[in-house]
Amino acid sequence: DRYKTRPERGRARLVAPDGLDLTATLNIAAACALTREMVDTPAADMGPLQLETIAREIAEGAGASLTVTTGDALLEDNYPAVHAVGRAAAPHRAPRVLEIGWNLEKAERPLVALVGKGVVFDTGGLDLKGAAGMRNMKKDMGGAAHALALGRLIMQAGLPVRLVVLVAAVENAVSADAFRPGDILNSRMGLTIEIGNTDAEGRLILADVLTRAGEHQPDLTLDFATLTGAARIALGPELPPLYTDDDALAEGVLNAGRAVGDPLWRMPLWAGYRASLDSEIADVRNDSAAWAQAGSVTAALFLQKFAPTTGSWAHMDVFAWNPRARPGWPEGGEAQAIRACFRYLSDKFVK
């Protein structure tokens, strides 16, 4: 009700049953509420700086570190794809990479990396979206909201892990300095990327931060992104696809999701479609060849090229939005896969 002139009053109050760990439950509820609120907030009030502010509050609350790389410093620190996607935005909405580190000095603990796509608004770039496609693009930072909220949950629970949370925060804007179809971008990994479509920008910024995650040699990497419309065509708005080549990880996350009512559906990293990402003049292209058709699968295959090679990796193509209201799920921003992943991590890394 942040923008309501007359906020609603008299909402139902929930009474906790005996035996419930109320603090833990409220932390989970607060993570979902944070995700929803971040996604619902209009882009004018939820830019890269606001994502940084929220990340800073989370880090300070947990005694974690926060490193921020902004604007042209992204080129100096080797985040060229993040810089390219975000450079067209107004100076006060400059692109940035946010990195939270927690318990990193405890080398004996396994390292978990969370990666989030933080496109605060997606015009589509020079491959401009139509009005209908652009209407809800304030939610294109939903992956960042998920990663930050899940990271806070892990730290609040004191799970016995080291944690890195990486967010690439950009606005895919239109200006004279916008990156163009046909451009070839560098990436942190060193692979060159031919731009077939500037509206396939999320995978570009994720390429750089997934590479950065790999530099930490994580035991487990989870990335969250509102990546493709194709995922919605395949599975609709309520069932996010899960991509991983680790069968045990897939089974664990899916089982955890069933246990807490936070469903996902495993989709294939089908090797036969990898050739659709081949480019004649670069190492890879950001839009798959039309013959492959499976847009969510090929987007995941693109990310796999940049994912850490230590430990396991999973990608969740979340919608982060409820297009219809129903009890427990108001219309608007939504947290998907956070509770499933937290249950999985809590079971795997027992205190």
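**A tour from surface patch to sheet**

Start by selecting Leu20, Leu22 and Leu26, which make a nonpolar surface patch of about 260 Å². Patch members have over 30% relative accessible area (Shrake-Rupley, 1.4 Å probe) and no salt bridge, with nonpolar side chains joined within 5 Å; a salt bridge is a Lys or Arg side-chain nitrogen within 4 Å of an Asp or Glu carboxyl oxygen. Leu26 is found in helix α1 (residues 22-40); helices (H or I, at least four residues) and strands (E, at least two) are DSSP runs, numbered from the N terminus.

This is a predicted model, with local features needing pLDDT of at least 70 and side-chain atom pairs pLDDT 80 or more, while totals for chains, interfaces and linings use all residues. Residues are numbered from 1 along each chain, and side-chain values use heavy atoms, without hydrogens or water.

Next, colour the open sheet of eight strands, ordered β1-β2-β4-β3-β7-β11-β8-β9 with mixed pairing (pairing takes at least two DSSP bridges). At its edges, β1 (65-70) and β9 (265-266) each have a single partner strand, so one side of each lacks a neighbour in the sheet.

Now zoom in on β7 (residues 220-225) and β11 (residues 312-317), a parallel pair with six bridges. Leu222 has Ala314 in β11 as its bridge partner.

Then show helix α6 (residues 142-157), which packs on the sheet and touches β2, β3, β4 and β7 (contact: heavy atoms within 4.5 Å).

In α2, Leu51, Ile54, Ala55, Ile58 and Ala62 meet Ala144, Leu148, Arg152 and Met155 of α6.

Conventions:
Axes fitted to C-alpha atoms, helices over the stretch in contact; angles between N-to-C directions. Patch = residues over 30% accessible without salt bridge, like charges linked within 9 Å, V, L, I, M, F, W, Y side chains within 5 Å.
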